[in-house]
Amino acid sequence: AVGFEFTPGKSRMIRISSLTLMALTVLGWVTPTARAAEAPFCELYAAGHFGNWYEVAGVNEMRRVLAEAKYWGFNRYADWFDATDCVDPFSGDPQYSLANALWDLKRTHFRTAQSLGMATDLAFSPNHVYRDQLKPEWLAKRGPRIQGQLICPHQPGAREAILKNYQNLFADLAKAGVNLTAINAAPYDYGGCACDQCKPWIITFAQLSLDIHKIARTYHPKVELHFIGWWWTAEEHKLFAEWMDEHAPGVAVSMSLHIPYDQTGVADVPLPKGCRKHAFVHIGYPDRSVPRDIYAKTGPVMAPKRIAATVTNLSAQSVTGVMAYSEGIYDDVNKALLGALFTGRQKTSRDVLLAYSKRYFGADDAQARQWADWLTAWGAPYSVDAAVAQKALDHLSGDPTSWRRRQWELKADMFAANQAIGTGDAWTPERLAHADEFWAAEEKLQREVYGIGPLRHILNRRFIEMPWYQSWAKQKPPPAPQPEQ
């Protein structure tokens with residue numbers, strides 16, 4: 001027997017046989033999303049921006065990655081159209097700009113996810129707009145947690161521009177055959193305005209989100225409104241819950257609560273009545289956030305202890321869904337860990353790593369145990385003896401050309417170079433040579449393995465936190481050779 005959800009936001013379960021479900025599916029009366037309603041809410045938030053892998057992935061590449069995410073338990077796909085560095089792609093300008101190219105690819109990825117039977121959700125931060133909409137008189141007031149290409153919705157004409165932006169996106173997705181299942185609203189990063197008219201921002205944000213949801217339902221009648229709790233304060237949760245209960249009862253379907261770095265559970269905050277408690281899980285760093293190893297700047301990551309503890313604690317806190325925040329395929333192992341553990345596919349992190357090694361590295365039982373040990377050590381990357389890890393990897397199974405294996409080989413190379421570089425401001429030829437080794441491995445990882453190009457904002461190498469980087473970056477190039485007289 002299976003469960004079936006009839007109305008978005010209002011669960012109503014009946015029991016039907018598997019044969020009946022199959023018949024309904026064949027007849028087209030049960031959608032893939034409805035069939036997935038019985039499963040835990042397990043969403044991959046693949047935010048394609050800043051030049052990361054999701055932003056540049058080809059159609060077939062994305063299909064393979066999403067299919068594997070689904071294998072490990074993910075049943076929803078979310079993306080965000082980050083307008084940073086983009087002009088309005090719907091302005092009528094005949095030039096095919098960066099924004100046009102990025103949006104066209106996102107629309108394609110939504111269709112790919114939908115074809116795999118995954119729910120399709122669009123994340124958004126309401127007042128983050130296109131570069132050509134940053135009129136001086138519209139600009140939002142900056143403040144703590146408030147950043148990005150932002151306009152104030154209380155300025156004349158600005159609110160209309162914001163709503164028109166989302167109307168264009170929703171209409172275009174519908175025209176392309178994408179049936180959005182939800183929109184996920186986030187007030188910060190990027191978003192917000194600190195002007196007096198917008199205070200408290202969380203209420204202005206709620207009002208905007210409801211208006212955007214109303215527009216979305218014009219083109220996607222069953223679309224739900226979910227919320228992302230990244231960077232919210234406890235007071236904002238209280239204000240939001242009270243306001244929503246009074247002005248829009250029952251509309252907030254879920255809240256993906258923020259889990260701060262190095263924590264493994266969510267805060268006990270008030271939610272609107274009927275709003276499901278979900279968690280926003282950062283899968284882009286290892287077991288600990290310090291020393292920094294994040295966003296692929298120092299290679300792939302894994303967090304077997306942190307993710308296992310998170311799943312255990314979320315269960316104890318009656319959390320019914322997760323939204324995995326991902327910045328690319330470098331967190332592939334963490335995707336498997338969170339998806340498999342949260343959905344109950346596997347019971348322990350080691351079980352996941354054994355299954356992962358067999359699936360992707362062709363490992364037998366003994367080889368899988370070796371792989372699980374080797375991978376687990378990278379939960380604390382700065383404690384790994386990288387030279388030893390390099391030698392051990394030579395004896396592990398798997399196709400040496402596989403990107404999943406190759407990324408770990410290059411991570412070991414980067415950390416071996418890092419350990420050889422050491423610290424201090426005195427740059428000898430030997431230390432400079434090791435730095436060159438580090439950057440050569442990083443280049444191979446980004447260009448040959450991940451296929452990414454210029455990275456923007458926080459993903460760029462200038463934000464790497466290796467202890468020697470700032471000193472190295474101040475080095476002056478050697479003088480150019482002088483022409484012979």
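Trainee: Which residues of helix 5 are buried?

Mentor: Please keep in mind that this is a predicted model. As a general idea, an α-helix has 3.6 residues a turn, so residues three or four places apart point the same way. In helix 5, the buried residues are Ala99, Asn100, Leu102, Trp103, Leu105, Lys106, Arg107, His109, Phe110, Thr112 and Ala113.

Trainee: Against which elements do the buried residues of helix 5 pack?

Mentor: Their packing partners are helix 3 (53-56), helix 4 (59-71), strand 2, strand 3 and helix 6. The length of helix 5 can be checked as well: with 18 residues, helix 5 reaches 26 Å from its first C-alpha to its last, close to the 26 Å expected at 1.5 Å a residue.

Trainee: What is found at the two ends of helix 5?

Mentor: Ser97 lies in the loop between strand 2 and helix 5. The side chain of Ser97 makes a polar contact of 2.9 Å with the side chain of Asn100, and Asn100 is among the buried residues of helix 5. Ser97 has a relative accessible area of 17% and is therefore buried, the cut-off being under 20%. After helix 5 comes Gly117, with a positive phi near 85°.

Trainee: Where is Ala57 placed, and with which residues is Ala57 in contact, leaving aside its neighbours within four places in sequence?

Mentor: Ala57 belongs to the loop between helix 3 and helix 4. Leaving aside neighbours within four places in sequence, Ala57 is in contact with Leu105 and His109, and both of these are listed among the buried residues of helix 5. Ala57 is itself buried, at a relative accessible area of 1%. The C-alpha atoms of Ala57 and Ile452 are 8.5 Å apart in space, although 395 residues separate the two in sequence.

Trainee: Which strands pair with strand 3?

Mentor: Strand 2 (residues 76-80) runs parallel to strand 3 and is joined to it by five bridges; here Ala78 stands opposite Asp121. Strand 4 (residues 182-185) also pairs with strand 3 in the parallel sense, over four bridges, with Ile183 as the bridge partner of Leu122.

Trainee: Which residues have the most contacts inside the largest nonpolar core?

Mentor: They are Ile183 and Leu338, in a core of 155 residues. Helix 7 (residues 201-219) gives the most to this core, with 10 residues. Beyond its neighbours within four places in sequence, Ile183 is in contact with residues including Leu122, Phe124, Phe170, Ile212, Ala216, Val223 and Leu225.

Trainee: How many residues of strand 6 are buried, and what pairs with this strand?

Mentor: Six of the seven residues of strand 6 (residues 252-258) are buried, so strand 6 is largely enclosed by the rest of the structure. Strand 5 (residues 224-229) runs parallel to strand 6 and is joined to it by five bridges, with Gly229 opposite Leu257.

Trainee: Which residues of helix 12 are buried, and against what do they pack?

Mentor: Ala368, Trp371, Ala372, Trp374 and Leu375 are buried in helix 12. The buried residues of helix 12 pack against helix 11 (349-361), helix 13 (386-393) and helix 14 (403-421). At the start of helix 12, a side-chain oxygen of Asp364 comes to within 3.2 Å of the backbone nitrogen of Ala366.

How values were computed
Residues are numbered from 1 along each chain as its sequence is written. This is a predicted model: local features need pLDDT of at least 70, side-chain atom pairs count only at pLDDT 80 or more; totals for chains, interfaces and linings use all residues. Side-chain values use heavy atoms; hydrogens and water are left out. Buried means under 20% relative accessible area, exposed over 50%, partly exposed in between (1.4 Å probe, protein chains only). Contact means heavy atoms within 4.5 Å. A polar contact is a pair of N or O atoms within 3.5 Å; within protein, one must be able to donate a hydrogen and the other to accept it, and residues adjacent in sequence count only if both atoms are side-chain atoms. Two strands pair if DSSP finds at least two bridges between them. A nonpolar core is a set of buried Ala, Val, Leu, Ile, Met, Phe, Trp, Tyr and Cys residues joined through side-chain atoms within 4.5 Å. The expected span of a helix is 1.5 Å times one less than its number of residues.
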